[in-house]
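Please look through the sequence and the model below before reading on. The paragraphs after it go from the contacts between chains to single residues.

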Amino acid sequence: MTNRALTLGEAARLVSGSLHHAGEDDVVTGVNTLAEADATQVSFLANRKYAKDFAASKAGVILLAGETLPEAARPLIRVKDPYLAFALLQRHFHPDVLASGQRHPSAVIDASARLAPDVDVGAQVVIGANVSIAAGSRIGAACVLEDGAQIGENCLLHSRSTIGADCVLGNRVIIQVGAVIGSDGFGYAWSGREHLKIPQVGRVVLEDDVEIGANTCIDRGAIGDTVIRRGVKLDNLIQIGHNVDIGAFSIMASQVGVSGSTTVGQGCQFGGQVGTAGHIKIGDGCKIAAKSGVAGDLEAGGTYAGIPVMPHKVWLKVSAILPRLPGLWGKLSALGFKS
Amino acid sequence: MTNRALTLGEAARLVSGSLHHAGEDDVVTGVNTLAEADATQVSFLANRKYAKDFAASKAGVILLAGETLPEAARPLIRVKDPYLAFALLQRHFHPDVLASGQRHPSAVIDASARLAPDVDVGAQVVIGANVSIAAGSRIGAACVLEDGAQIGENCLLHSRSTIGADCVLGNRVIIQVGAVIGSDGFGYAWSGREHLKIPQVGRVVLEDDVEIGANTCIDRGAIGDTVIRRGVKLDNLIQIGHNVDIGAFSIMASQVGVSGSTTVGQGCQFGGQVGTAGHIKIGDGCKIAAKSGVAGDLEAGGTYAGIPVMPHKVWLKVSAILPRLPGLWGKLSALGFKS
Amino acid sequence: MTNRALTLGEAARLVSGSLHHAGEDDVVTGVNTLAEADATQVSFLANRKYAKDFAASKAGVILLAGETLPEAARPLIRVKDPYLAFALLQRHFHPDVLASGQRHPSAVIDASARLAPDVDVGAQVVIGANVSIAAGSRIGAACVLEDGAQIGENCLLHSRSTIGADCVLGNRVIIQVGAVIGSDGFGYAWSGREHLKIPQVGRVVLEDDVEIGANTCIDRGAIGDTVIRRGVKLDNLIQIGHNVDIGAFSIMASQVGVSGSTTVGQGCQFGGQVGTAGHIKIGDGCKIAAKSGVAGDLEAGGTYAGIPVMPHKVWLKVSAILPRLPGLWGKLSALGFKS
C-alpha cells in the first residue's frame with residue numbers, strides 16, 4: 001500500500017460521489033479497466049461499449065453514473081461523470097513529478113540563459129542565448145531551446161522537442177516528444193523563375209495549459225504570431241500553419257492540418273485527419289468529424305462532416321446513400337437516364 | 001568481385017529457381033532495376049508496369065515468374081515469386097551490419113542500465129536508469145531511451161528515435177529515425193472548466209520483428225498497454241493511439257491513423273492515409289484502400305474503401321458514378337426532380 | 001533606424017514599383033500587415049480578403065497592384081505583384097545569417113569528415129565518417145549527418161534534422177526541424193511466413209534550392225535514388241516514398257503522401273493531405289486540390305480534385321450535388337426507385 005492509497009470513503013469524497021455496498025474504510029491503491037482491475041483497484045464504466053465487462057469485473061469498487069444500469073449489489077461509487085471521476089482518481093494515484101533543479105552535465109546551456117533554480121535539464125539538451133525558463137519546469141533529454149525562447153512555470157518538455165527562437169510558452173504547457181514549435185511557415189512568392197522564400201519572422205505563442213502532441217509542428221508567423229490559446233490540446237502529427245489562431249479549450253485529434261492565417265474559435269473539437277483551408281474563420285464550439293475538409297468559414301456551434309463539409313446530419317444521410325448509388329444508377333440507366 | 005558475389009548457379013539455388021540460357025558459373029555481384037542493371041547484376045520483373053523494360057535490359061540475369069512472358073533466349077532464373085527472389089538476393093548482397101560493442105564517449109548511459117557487451121551505442125545517445133539492451137542491438141546517434149525501457153536482441157534503432165519509459169521492444173525490432181514509442185495518449189476529461197489531463201501510465205509493447213517508420217508515433221496505454229504484435233510493419237508518419245492492439249503481420253502504409261482502443265486483426269493491410277475510429281474491431285485479413293475512413297467494426301477478410309468504408313467492389317462503382325452525377329442531375333432537374 | 005532601413009524611393013526601386021502620394025526620402029524600417037503596420041513600416045494588399053483593412057491601415061506605405069482599388073490619396077507603391085514585392089522587401093529587412101565557422105565543442109565530428117572553413121556546427125551535432133559540407137553551410141543543434149552524407153554550399157539545416165548515409169544535398173538547400181532525409185523505404189516481400197525486409201540501398205538526392213519542411217520524411221531509394229529536383233518546396237509532415245522523382249519547382253502543402261516510384265512533373269502544386277498511389281506519372285504543371293486521392297496517371301496541365309481525382313470543374317459540381325442527394329433520393333424513392 002503506497003502513501004497514495006485511498007479508503008473508499010476518501011475516494012468517494014475526492015470524486016464527489018456516493019459510496020454503495022462497500023465499507024468506508026476498505027482501501028484502493030490504483031485504477032484499472034473493468035476487465036483487468038483486481039480487488040485493490042478502482043474501475044469505471046464510462047463507455048457503453050464496455051458494459052459487458054461490468055458483471056465479471058473483479059474491481060474493488062466501480063465508478064458509475066447515477067442512471068447507468070440497475071444497481072448491482074456490489075461496491076459502487078455513483079457519480080455524475082464516471083470518466084471525470086476516473087481522471088481525478090488517476091491524477092491522485094499518479095501525481096506530477098516535481099522539478100528539483102537537476103542539470104545534466106552534458107546539457108549545453110548558454111551563459112546568458114536565465115533558469116529558475118529548481119528547473120530540471122536533461123542530458124544532451126541545448127539551451128540557447130537569452131532563453132528564460134521559469135520555476136518548476138522540466139526540460140527532457142535532447143531538447144533544443146533556440147535563442148530567446150521563453151518557457152513559463154511548471155512546463156514539461158518531453159525529450160527531443162524543439163522550441164524555436166523567440167517562441168513563448170505560458171505556464172503548465174506540455175510538449176510531447178519530437179514536437180516542433182516555431183518551424184518556418186510555408187511562404188514563397190513566385191519570382192517568374194523560382195519560388196522566393198519569404199523570411200518567417202513571427203513567433204509561436206502557446207498560452208497556459210496547452211498540450212502539444214508528439215511530432216506535431218506549429219509554424220511561426222510570417223509576420224506577427226501563431227497563437228494557441230489557453231487550454232488547447234493538440235494530438236500527435238498535427239500541422240498548424242503560420243499565423244493560425246486557435247481559440248481557448250479547442251481540442252484536435254491526430255494528423256489534423258490547419259492552413260495558414262485560419263482562425264479557429266473557442267471550444268472547437270476536430271476529429272483526426274481533418275484539414276482546413278487557409279484564411280478562413282471557424283466559429284466557436286464547432287465540431288468537425290474525422291477526415292473532413294473545411295474550405296470556407298463555418299458558423300459557430302455547428303457539427304460538420306464531409307469533403308467539403310456539410311452539416312453532420314446531412315452527411316449521415318449522404319454517406320448512407322453513397323453505397324446505394326450503383327443500384328439507383330442501374331435503375332435510372334434502364335429507364336434511359338444514362339448520362 | 002566482393003566475397004558476396006554469386007555464380008548464377010548459386011543465385012538460382014538461393015531463390016529456389018531454375019536457370020535458363022546461362023552458364024552456372026557466370027558471376028553476379030548485385031541487384032538493379034531492369035533499366036539500370038548491367039551484365040554483372042541480377043534484375044527482376046515483378047510488376048507488369050515494367051514489362052516494357054524487359055527486352056532492352058542489360059542485366060546479367062533476370063528473375064521471372066514461370067508464367068510471365070514467352071521465354072526469351074536470354075539468361076533467366078524462373079521462380080515462383082520474382083519479388084521474393086529479388087528480396088532474398090538483395091539480402092544476400094547487403095547483409096545486416098553486426099553489433100561490435102562500440103560505445104561513443106559522448107553517449108550518456110546511466111550507471112544502472114544493463115547493456116550486453118556487444119551492444120553498439122552511437123554519439124549523443126541518452127540511456128536512462130534501469131534500461132536493458134540485449135545482445136546484438138545497435139542504438140543510433142542521438143536516440144533517447146527513457147528510464148526502464150527494455151530492448152531485445154538484434155534490434156536496430158536508427159538515429160533520433162525515442163523509446164519511452166518502461167516501453168518494451170522484442171527481438172529484431174527496427175525503429176526508423178525520429179519515431180516516438182511511448183508518447184502520452186490523448187486523454188482528457190472535461191472538468192466543466194478545462195480539459196483535465198489523465199495520466200497515461202501504460203506502456204508500448206513492440207513484439208519480435210516489428211518495424212516502425214520514421215517520425216511515426218505510438219502512444220502508450222492510458223492503463224494497460226498499446227501492443228504491436230510480431231511481424232507488424234508500420235510506415236512513416238503513422239499515428240497509433242493509446243491501447244490499440246495490432247495483430248501479427250499486419251502492415252500499414254504511411255500517414256495512417258488508428259484511434260485509441262481499436263483492435264486490428266492479424267494480416268491486415270492498410271493503404272496510406274487511412275483513418276479509423278476508436279474502440280472498434282477490425283477483423284483478421286482486412287484490406288483497406290488508401291484514404292479510407294473506418295467508423296465501425298469490420299468483418300474479417302473483407303476488402304474495403306471509401307469514407308466511410310464500404311466493400312471495395314461497391315466503392316469502385318460509386319467512384320465511377322461520382323463524376324457522372326452532374327450529368328444525371330441535369331437530366332433529372334430538366335424533368336422536375338430539382339430538390 | 002537600422003542600416004537595413006530604406007527610403008521610399010529605394011523601396012520602390014527594389015520592387016520595380018512606382019511611388020505615389022509620398023516623399024522619396026521618407027524612411028521605412030520593416031514590413032507588417034495592414035492591420036498591424038505603423039508609419040515606419042511597409043504593408044501590402046495581396047489577398048482581397050484583407051481589402052477591408054486597407055482604409056484603416058496606419059502603414060507608412062502600402063504595396064498595391066496597379067489595378068487594385070480606386071487610388072486613395074495615401075502613400076502607395078504600385079507594383080505588378082504585391083506579394084512578390086512584399087517578399088523582396090521582407091528579404092531585404094531580414095537577410096540570411098551568414099556562416100562564420102563556429103563549431104560548438106559538444107559537436108561530434110568524425111576525423112574523416114571534410115568541412116569548409118566557414119561551416120557552422122551547432123551543439124550536440126553528430127557528423128559521421130566521410131561527410132562533406134561545402135562553404136557557407138550551417139548545421140543546427142542536434143542534427144545527425146550519417147556517414148557519407150554530402151552537403152552543398154550555403155545550406156541551412158535547422159535543429160534535429162537527419163541526413164541519412166550517402167544522401168546528397170545541393171546548394172542553398174533548407175531543412176526544417178526534425179526532417180528525415182533518407183529513412184528506409186517501405187519494402188517487404190512476403191516469404192509465406194513473414195514480411196521479409198528488402199535492404200534499401202539507394203540514396204536521396206535533393207537538388208539546389210530545395211526546402212524540406214519540419215518532420216517531413218523522404219525515403220531513400222530501394223535501388224537507385226529518390227530525387228527531389230531543383231527549387232522544389234515541401235511543407236511539414238510530408239511523406240515521400242522510395243524512388244519518387246519530383247520535378248523542378250513543384251510545391252506541396254503539408255501532410256501530402258507520395259507513394260513509391262511515382263514521378264511528379266515540374267511546376268506541380270499539391271494542396272494539403274493529398275495522397276498518390278505508387279508507380280504512377282503525374283504530368284508537368286498539375287494542380288491537385290487539398291485532400292485529393294490520385295490513383296492513376298494524370299495528364300500535364302490539369303487541375304484535379306476528389307477521391308479519386310477528377311477534373312476540378314467536375315468536382316465542384318459533384319461537391320455541390322452531394323449535400324442535395326438526400327432530397328433527390330427522397331423524391332426518387334417516393335416514385336418507386338428505391339434500390
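The contact between chain A and chain C takes 46 residues from chain A and 51 residues from chain C. Two residues are in contact if their C-beta atoms, placed from the backbone, lie within 7 Å. This is a predicted model, in which local features need pLDDT of at least 70 and side-chain atom pairs count only at pLDDT 80 or more, while totals for chains, interfaces and linings use all residues. Residues are numbered from 1 along each chain as its sequence is written, and chains are lettered from A and ligands numbered from 1 in the order in which they are written.

On the side of chain A that touches chain C, at least two residues each come from β20 (180-183), β21 (188-190), β22 (195-197), α3 (312-321) and α4 of chain A. Here helices (H or I, at least four residues) and strands (E, at least two) are DSSP runs, numbered from the N terminus. The largest share, four residues, is that of α3(A). Sorted by class, this side of chain A has 22 nonpolar, 16 polar and eight charged residues. In this sorting Ala, Val, Leu, Ile, Met, Phe, Trp, Tyr, Cys and Pro count as nonpolar, Asp, Glu, Lys and Arg as charged, and the others, Gly among them, as polar.

Chain A also meets chain B: 51 residues of chain A are in contact with 46 residues of chain B. On the side of chain A that touches chain B, α2 (82-93) and α4 (325-334) of chain A each supply at least two residues. The most comes from α2(A), which gives five residues. The classes on this side are 21 nonpolar, 21 polar and nine charged residues.

The axes of helix α4 (residues 325-334) of chain B and helix α3 (residues 312-321) of chain C come within 9 Å and cross at roughly 55 degrees. Axes are lines fitted to C-alpha atoms, for helices over the stretch in contact, and angles run from 0 to 180 degrees between N-to-C directions. From α4(B), the residues that make the contact are Leu325(B), Pro326(B) and Trp329(B), and from α3(C) they are Val314(C), Lys317(C), Val318(C) and Ile321(C). Of these residues, six are nonpolar, none is polar and one is charged.

What about the interior? A residue is buried if 20 or more other C-beta atoms lie within 10 Å of its own, exposed if 12 or fewer, and partly exposed in between, with C-beta atoms placed from the backbone. A nonpolar core is a set of buried Ala, Val, Leu, Ile, Met, Phe, Trp, Tyr and Cys residues joined through C-beta atoms within 7 Å. The largest such core has 220 residues, and those that touch the most other members are Ile181(A), Leu206(A), Ile181(B), Ile181(C) and Leu206(C). A second, separate core of 30 residues includes Val31(A), Leu64(A), Val79(A) and Ile198(B).

In chain B, strand β5 (residues 41-44) is covered on both faces: Gln41(B) and Ser43(B) are buried on one side, and Val42(B) and Phe44(B) on the other. Strand β4 (residues 30-31) of chain B runs parallel to β5(B) and is joined to β5(B) by two bridges; two strands pair if DSSP finds at least two bridges between them. In this pairing Gly30(B) is opposite Gln41(B). Strand β6 (residues 61-65) of chain B also pairs with β5(B) in the parallel sense, over three bridges, and Val61(B) in β6(B) is the bridge partner of Val42(B).

Some loops hold backbone details. Ile307(B) and Pro308(B) are joined by a cis peptide bond, with omega about -5 degrees, and Pro308(B) is in the loop between β38 (303-305) and β39 (310-311) of chain B. In chain A, Asn215(A) is not a glycine but has a positive phi of about 60 degrees. Asn215(A) counts as buried because 31 C-beta neighbours are inside 10 Å.
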